[in-house]
Amino acid sequence: MKQLKHPPSSTTSSHDPKLLVRETLRITADLASAPPSAAVPPVSPLLSSETTTNSLNFGVGVDRQFVDSSLRLLCCEEIDGRRWKYFTDESSCSSSSGGRVGGGCEQLKLKKKKNVIRAVSLHSPQAPIEEFMAFIRSYVVPEGFPNSVTPSYVPYMTWRALKHFFGGAMGVFTTQTLLNSVGVSKHRTTPGAVAINWILKDGAGRVGKMLYARQGKKFDYDLKQLRFAGDLLMELGAGVELVTAIVPQFFLPLACAANVAKNVGAVTSTSTRTPIYKAFAKGENIGDVTAKGECVGNLADLLGTGLSILISKRNPSLVKTFAFLSFGYVFSSYREVKSVVLHTLNRARFTVAVESFLKTGRVPTLQDGNSRENIFNFPWKNHRPIILGPRFREAVEDPNSFLAVKPIFEKENYIVTYNPSKGNIYVLLKDQAKSDDVLKAAFHGHVLLHIIHSSTKKQSSSRRQHEDELSLSLLSAADLQAHVVDSYKMVSALYMPFKSKAKEQGWVMSESLLNPGRARLCEMVK
């Protein structure tokens, strides 16, 4: 009997499953790597509808599909929360088995070249609004936000943006007032006179900026207080500029005074900017934090300027507008400064920490200590009732009282005494005093003040009939010496626990920002 010959298609049927898998994966990879506008490649007639549907779900269980396929998984990548998978195509005609399958391999040959890397996105494209918000975030927040900055960064930038918004709005009205006062809108004033007055005004501001720069390290000691004082000077300058509308004949002296105040405020803002941004930065990203912070300020300033231009066309009341914008600027500045959390101890934060420790035995946290810091204690005021590093003639009036307490501090690099007539505690520093000695001396001054206040309260409670006559100035020399001895014992027992607890809370105790005076007691040469 004549044998029947099978058609070639029956021979290749045993290899159809592998060919179907390869063709499915090829089409899927082409779809993933092709741009959205590219046409969808035609599906091979050998692929069933079920296999094609499953191939479109690429990325879900994708590793299992590639176990016996010609596409090999290289790696997985993540960029800003979006993931990608990379594959390489290792298919070739030689991988097929059987000579009669060679023709089929020629028909199903892949269009891509061998070992081409293909990228497959595991996420759907972002919505336009999400892409826009990502674009905005790249300009206003540091890279890695919020993990790249401290938690106090967000409230600080919020109040900073509001302050610049009110400042930009105020600038429109002050500039308009100055131009009207200098005589730009009046035909009788020559352009040359206007230019000279304007140049003199700017020159006076630059002179004031240079003179104020001699404050030096005070920008590091009390940067919060100086920052807020600088913003107050900015508003004072804006108010003086608006006064030129009432008395335009005094334009030059008023404009010069206003520009001096505003330039001093600008110096303060520039000098205190870096330490504040440094407190927010985690790691070596202070440049990124500074750039994004300035971008936020400039953006808010532009918004305030644009809104103020629209409002100025309606000729609003200058007094009411100034009052509203000034209140918003000063309040935003106060909240901006209060939101800064610094790790170092200046005079105000040191006072908060020591008083809390003496009363409760606990050192406040960074957040609590900074929030309780007195912002209105400006650096040019004397830090009463404790004076650190004064001149000897200012601290001592009675030689006997000084000679009585001097032996107590023989082993220390400082001497603490009390002036009854002035009601102040004076901490005299020796020439060997270092940073830790200054901290210990300041701590000793607060301990002595605490003891004197406690003693005075006991006396006043027991002698209420003489309450008006009692004060710190009535302390006798013997009482003062006893208080100094008691304070010395307390400091010897409490100073190291205070340092340890302060370090546990995150306070930096290695350097002193207490701004002591420059006078030092030196050894007498015989």
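How many aromatic pairs does the structure hold? The points below begin with the answer.

1. The structure holds 19 aromatic pairs; rings of Phe, Tyr and Trp (its six-membered ring) pair if their centres lie within 6.5 Å, and planes under 30 degrees apart count as stacked, over 60 as edge-to-face and the rest as tilted. This is a predicted model, in which local features need pLDDT of at least 70 and side-chain atom pairs count only at pLDDT 80 or more, while totals for chains, interfaces and linings use all residues. Residues are numbered from 1 along each chain as its sequence is written, and side-chain values use heavy atoms, leaving out hydrogens and water.

2. Phe327 and Phe331 form a stacked pair, with 6.0 Å centre to centre and 10° between the planes. They are 4 residues apart in helix H13, and therefore separated by about one helical turn. Helices (H or I, at least four residues) and strands (E, at least two) are DSSP runs, numbered from the N terminus. Phe327 counts as exposed because its relative accessibility is 60%, and Phe331, at 40%, counts as partly exposed. Here buried means under 20% relative accessible area, exposed over 50% and partly exposed in between (1.4 Å probe, protein chains only).

3. Phe350 and Phe498 form an edge-to-face pair, because their ring centres are 6.1 Å apart and their planes lie at 85°. This pair links distant parts of the chain, 148 residues apart: Phe350 belongs to helix H14 (residues 347-360) and Phe498 to helix H19 (residues 477-504). Both Phe350 and Phe498 are buried.

4. The largest nonpolar core has 47 residues, and those with the most contacts inside it are Phe350, Phe409, Ile425, Phe443 and Phe498. Such a core is a set of buried Ala, Val, Leu, Ile, Met, Phe, Trp, Tyr and Cys residues joined through side-chain atoms within 4.5 Å. Elements giving two or more residues to this core include H14, strand E5 (386-388), helix H18 (435-462) and H19. H18 supplies the largest share, 10 residues.

5. Phe443 touches Phe350, Val354, Phe357, Val491, Leu494, Tyr495 and Phe498, not counting residues up to four places away in sequence; contact means heavy atoms within 4.5 Å. A second, separate core of 18 residues includes Met157, Ala281, Ala300 and Leu342.

6. Helix H13 also has buried residues, among them Thr321, Leu325, Gly328 and Tyr329. What covers the buried residues of H13 includes helix H7 (153-182), helix H10 (223-243) and helix H15 (366-371).
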